[in-house]
Amino acid sequence: MMRKSLTWFLGFLWLLAAPVPSALAQATVVEVIPLKYRTAEQVIPVIQPLIGAEGSVSGFQGQLILRATPANLEEIRRILASIDTAPRRLLITVRQDAHIDRSRREAEISGNVGSDRYRIIVPGSGARSGGNVVIRPGDDRLRARVLDSASSEADRNTQTIQVLEGNSAFIRAGESRPVPTRQVRRTVVGGQVVEQVVDSVDYREASTGVYVRPRITGDRVMLEVSPHRDSFNGRSPGAVSVQRVVTTVSGRLGEWIELGGINQESSSQSSALLGSESRSAADRRQVLVKVEELR
């Protein structure tokens, strides 16, 4: 009798020391949590690391369907309470600036100087506007011409759009212009090549717009932004100048954030007999964005 009791007691101790089966230690429960302000697509990436290997999460009609351990569920509820809040209303302003400076300088001397036997004649380069200085003693004539001109063009395009935090927005505006085209069609009629000129009209579009998606953390904002700006080139009918930026940036609310810029400079110089010409141009473009919270 004593031997049986000892055997039973040792077996009981072995059961206490044995590890608890994994299914009992990692028991999971299923819970449905309704979302108040955020979508399942927005919160699932945040809570996914808290689910654990034995759990799962999915979204259905504004609700989260969770399978996790009770400890993980408690942590998930705490995280949801901090992120499932009313999204902030944001005003996004995109500014695209263009500034072009051009300058031109010409100088030349023309005329004729000499005597009855010898005379030097330097012809001018044609009719030009500018300042003239003429020295003419007797039959000698000497003309000096100087042309100095400068021009500046500035263009600022500003677009604003409202969007809820975490959502994306797109705005676009533009115009279409007709561009005459001409085609020559060749056909063979009776063994001879016949040409037919066909005039038609195509339409070219130039638009300005921006795609943006903001994310807010405290007083800082992270932006996925892609502004574009097309403009008709006045010097070449039908040609469109294109400006594109695709980037992700961060900064403080209410401050201008520079997305990018272009700075191009060109210069040329030529000279002839007693004359010279120089040209220079500078093209500066800049894209800025600002995010403000609407109260």
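Two strands pair if DSSP finds at least two bridges between them, and strands are DSSP runs (E, at least two residues), as helices are (H or I, at least four), numbered from the N terminus. The model shown here is predicted, with local features needing pLDDT of at least 70, side-chain atom pairs counting only at pLDDT 80 or more, and totals for chains, interfaces and linings using all residues. Residues are numbered from 1 along each chain as its sequence is written, and side-chain values use heavy atoms, without hydrogens and water.

**View A. Here is an open sheet of three strands in the order 1-3-2, with antiparallel pairing.** Strand 1 (29-34) and strand 2 sit at the edges with a single partner strand each, so one side of each has no neighbour in the sheet. From one strand to the next, the twist averages 20 degrees.

**View B. Take a look at the hairpin of strand 2 and strand 3, with two residues between them.** Five bridges pair strand 2 (residues 56-60) with strand 3 (residues 63-68); Phe60 has Gln63 as its bridge partner. In the turn, Gln61 has a positive phi of about 50 degrees.

**View C. On the other pairing, six bridges join strand 1 to strand 3.** Glu31 has Leu66 in strand 3 as its bridge partner.

**View D. Now for Val212, one of the residues with the most contacts inside the largest nonpolar core, which has 19 residues.** Such a core is a set of buried (under 20% relative accessible area, 1.4 Å probe, protein chains only) Ala, Val, Leu, Ile, Met, Phe, Trp, Tyr and Cys residues joined through side-chain atoms within 4.5 Å. Beyond its neighbours within four places in sequence, Val212 is in contact (heavy atoms within 4.5 Å) with residues including Ile92, Ile161 and Leu223.

Notes. Buried < 20%, exposed > 50% of the residue type's maximum accessible area, 1.4 Å probe, protein only. Axes fitted to C-alpha atoms, helices over the stretch in contact; angles between N-to-C directions.
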